[in-house]
Amino acid sequence: EQPWTVLTHKKPQKVWTAYDPKSMRPRPIVDTPHMKLISWNVNGLRALMKLEGLSALQLAQRENFDVLCLQETKLQEKDVDSIRHCLVEGYDHSYWTCSAAKLGYSGTAIISRIKPLSVRYGLGMPDHDSEGRLVTVEFDHFYLLCAYVPNSGDGLKRLSYRISEWDPALSNYMKELEKSKAVILTGDLNCSHQEIDIWNPAGNRRSAGFTEEERESFEANFLEKGYVDTFRKQHPDKVGYTYWGYRHGGRRTNKGWRLDYFLASEKIANRVYDSYILPDVVGSDHCPIGLVL
């Protein structure tokens with residue numbers, strides 16, 4: 001019933017154990033002011049909202065988050081207003097970007113009950129912004145970026161674009177923002193950074209999301225620039241996945257990848273109380289992740 005508690009890694013180190021949110025999350029904060037962020041690649045928002053079971057609306061009731069970041073909404077501009085009317089009461093501020101290059105593709109959104117100070121769409125670079133992959137909101141103490149990083153694709157056709165253009169452009173954009181405030185980047189970053197982050201590292205050396213080039217780019221453009229992988233900092237030896245492919249029943253057997261992250265500027269990373277995964281939430285091939293500041 002809880003396959004994520006079974007360690008399925010093909011070559012685990014002795015100290016590694018499976019991540020279980022029921023036993024490994026700290027107690028909820030009660031008396032201290034805090035902010036809770038959730039991020040989820042929904043793999044089609046309209047389809048998700050039709051499903052029975054734990055919906056995005058029920059997730060709001062269960063997790064009581066302040067901000068929800070979505071990736072791969074697959075919406076068109078004409079769909080956004082109707083979706084807004086379906087949102088949970090109290091989440092009155094929502095910001096959407098849709099793909100203009102290819103309909104029913106990509107798309108990101110930030111839904112918040114806190115009104116941000118400012119909102120930006122894309123990187124401000126036309127070559128990168130036609131696929132609706134980035135929304136940025138500004139709060140009092142940090143910028144929050146919701147990103148859906150391009151997949152290198154079958155045959156690694158977009159690998160060069162990903163590591164030579166997209167990753168450096170996003171990194172440079174974040175460093176510009178960081179001149180005034182801390183930055184938190186969340187979303188499907190389409191990279192399993194280390195061997196602990198993928199169930200079968202040896203068999204996926206040339207698979208999109210785990211190539212040496214993508215992992216080195218992730219390291220150079222984000223981690224070496226001072227952004228902290230908050231889940232890995234909190235859980236250095238825990239095997240936790242956020243994506244399971246449909247094709248081979250990966251979720252049922254816990255043969256997954258960790259592709260979704262909260263990366264935080266060093267100056268705000270010490271305010272992270274919890275960085276966690278919600279593997280029991282279904283409806284997509286990804287599960288939500290959370291961050292409590």
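Which residues does the UniProt annotation "binding site" cover? The legends below take up this question and the strands around it.

The model is predicted, so local features need pLDDT of at least 70 and side-chain atom pairs count only at pLDDT 80 or more, while totals for chains, interfaces and linings use all residues. Residues are numbered from 1 along each chain as its sequence is written, and side-chain values use heavy atoms, with hydrogens and water left out.

**View 1. The annotated residues.** According to the unreviewed UniProt entry, the "binding site" covers Asn-41, Glu-72, Asp-188, Asn-190, Asp-285 and His-286. They span 246 residues in sequence, yet no two of their C-alpha atoms are more than 13.0 Å apart, so they gather at one spot. Asn-41, Glu-72, Asp-188, Asn-190, Asp-285 and His-286 also belong to the lining of the largest pocket. (UniProt positions are given in the numbering used here, feature names are shortened, and annotations may be inferred rather than shown by experiment. On a 1 Å grid over the protein atoms alone, a pocket is an open set of points where a 1.4 Å probe fits, with protein on both sides within 12 Å along at least five of seven lines; lining residues have an atom within 4 Å of a point.)

**View 2. Asn-41.** This residue lies in strand E2 (residues 36-41); strands (E, at least two residues) and helices (H or I, at least four) are DSSP runs, numbered from the N terminus. Asn-41 is buried, with a relative accessible area of 0% (buried means under 20%, exposed over 50%, partly exposed in between, with a 1.4 Å probe and protein chains only). Leaving aside neighbours within four places in sequence, Asn-41 has contacts (heavy atoms within 4.5 Å) that include Glu-72, Asp-188 and His-286.

**View 3. Asn-190.** The loop between E9 and helix H7 (212-223) holds Asn-190. Asn-190 is buried, at a relative accessible area of 6%. Not counting residues up to four places away in sequence, Asn-190 touches Tyr-148, Arg-162 and Glu-214, among others.

**View 4. Strand E8 and its partners.** Seven of the seven residues of E8 (residues 142-148) are buried, so the strand is largely enclosed by the rest of the structure. Phe-142, Leu-144, Cys-146 and Tyr-148 cover one side, and Tyr-143, Leu-145 and Ala-147 the other. Strand E7 (residues 134-138) runs antiparallel to E8 and is joined to it by five bridges (two strands pair if DSSP finds at least two bridges between them). Strand E9 (residues 182-188) runs parallel to E8, with seven bridges. Leu-144 stands opposite Val-137 in E7 and opposite Ile-184 in E9.
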